[in-house]
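Dear colleague,

I am handing over the structure below, and I would ask you to keep it open while you read the notes that follow it.

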Amino acid sequence: MAVQPQPQMPKVWRTETKPHKFCPGCGHPLVLKAIGEAIEELVIEERVVFGCDIGCSLLAWDFFNLDSIQTHHGRTTPVITGVKRANPDIIGIAYMGDGGGYAIGSQHLVNAATRNEKITVFLVNNTQYGMTGGQMAPTTLPGQKTETSPYGRDPETTGYPTLGPEMIAAITGPNAYVARGTVSNLRQLKRMVKRALENQMEGRGFSFVEALSLCPTNWGTNAEETWHWLEEDMAKYFKVGELKVPGEAKEG
Ligand SMILES: Cc1ncc(C[n+]2csc(CCOP(=O)(O)OP(=O)(O)O)c2C)c(N)n1
Ligand code: SF4
């Protein structure tokens with residue numbers, strides 16, 4: 001019997017494999033849009049290995065037509081470090097939430113930054129643990145009510161919000177790129193994402209972008225309150241801008 005030609009899967013980039021699963025009003029899809037457009041404009045989709053953490057970031061695991069890997073909570077940074085060390089030609093992206101990056105995975109983030117691993121970390125800061133129902137995170141604001149701080153976060157007993165980019169800027173060498181963007185300024189966020197990826201492409205070193213983001217589901221906010229929380233309350237603690245740019249003027 002003659003061998004029938006097998007149908008070829010079209011080589012698609014813009015097509016999602018499935019509809020996304022984020023809540024209405026979530027900030028993750030905006031951050032992912034910035035990342036997706038940056039990857040496309042840099043024409044690196046064939047080289048990217050996209051790692052996502054446990055948390056709502058994992059809802060991105062079948063979102064892009066990229067080689068992807070999903071890890072235990074907080075472990076995306078060392079997994080992408082390993083992938084990059086095994087194959088330096090890839091562009092390694094570790095995508096995670098603030099719980100994954102600053103709580104359970106903080107040692108991995110600190111160690112990778114200190115060693116100037118040539119990977120890029122994108123961290124979504126929505127001030128709490130989104131996927132598990134809104135528990136307090138290292139980024140929870142003083143006074144913010146969460147599932148585990150029902151009377152509001154008390155800094156006397158639980159500390160102040162972690163300033164991730166400031167910490168990473170302090171522990172990295174001159175070849176790191178470090179910035180904080182926000183989903184309320186997507187153009188700027190995309191520029192930061194591109195610069196972070198370019199830092200890796202040029203072989204300079206570690207790059208890190210925190211994105212201030214939205215979680216109306218766990219914040220219990222309507223549309224107006226959601227943006228107010230991001231642009232007024234979060235902005236008081238988390239300053240948007242570039243903190244470290246190898247050899248160039250900063251934006252922000
Ligand atoms: C090792 C491990 N510890 C705890 C959990 C439970 N867990 C799943 S998602 C999550 C919180 C995720 O929050 P965050 O990283 O801030 O991401 P978000 O969902 O807000 O995007 C936790 C604690 C887990 N899956 N694995
Ligand atoms: S729980 Fe929050 S972070 Fe998770 S998908 Fe819903 S809005 Fe987004």
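Helix 3 (98-104) and strand 5 (128-129) each supply at least two residues of the shell around ligand 1, and the largest share, 4 residues, comes from helix 3. Please keep in mind from the start that this is a predicted model.

The shell around ligand 1 has 16 residues, of which His 28, Cys 56, Asp 98, Gly 100 and Gly 130 come nearest. Sorted by class, the shell around ligand 1 contains 10 polar residues, 5 nonpolar ones and 1 charged one. Several distances to oxygen atoms of ligand 1 can be followed on the screen. In the side chain of Asp 98, an N or O atom is 2.7 Å from an oxygen atom of ligand 1, while for the side chain of His 73 the corresponding distance is 3.3 Å. How much of ligand 1 does the protein bury? Taken alone, ligand 1 exposes 590 Å², and the protein buries 77% of that.

Around ligand 2 you will find Phe 22, Cys 23, Cys 26, His 28, Cys 56, Asn 126, Gly 130, Cys 215, Thr 217 and Asn 218. This shell divides into 5 nonpolar and 5 polar residues, with no charged residues.

Turning to the aromatic rings, the count comes to 3 aromatic pairs.

A disulfide is a covalent bond between the sulfur atoms of two cysteines. How many disulfides does the structure hold? It holds 0 disulfides. For Cys 52, the reason can be read from a distance: the closest cysteine sulfur, in Cys 56, is 11 Å from the sulfur of Cys 52, and this is too far for a bond, because a disulfide needs the two sulfur atoms within 2.5 Å. Cys 52 also counts as buried, at 0% relative accessibility. Cys 26, which is among the residues around ligand 2, is buried too, with a relative accessible area of 16%.

Asn 116, in the loop between helix 4 (106-114) and strand 4 (120-125), has a phi near 55°, which is a positive value in a residue other than glycine. Thr 127, in the loop between strand 4 and strand 5, likewise has a positive phi, near 65°, and is a residue other than glycine. Thr 127 is buried, with a relative accessible area of 0%.

With kind regards

Conventions
Residues numbered from 1 in each chain as written. Chains lettered and ligands numbered in written order. Predicted model: local features only at pLDDT ≥ 70, side-chain atom pairs only at ≥ 80, totals over all residues. Heavy atoms only, no water. Near = heavy atom within 4 Å. Nonpolar A, V, L, I, M, F, W, Y, C, P; charged D, E, K, R; others polar. Phe/Tyr/Trp six-rings, centres within 6.5 Å; stacked < 30°, edge-to-face > 60°. Polar contact = N/O pair within 3.5 Å; in protein donor to acceptor, adjacent residues only side chain to side chain. Areas by Shrake-Rupley, 256 points an atom, 1.4 Å probe, with all protein chains shown as cover. Buried < 20%, exposed > 50% of the residue type's maximum accessible area, 1.4 Å probe, protein only.
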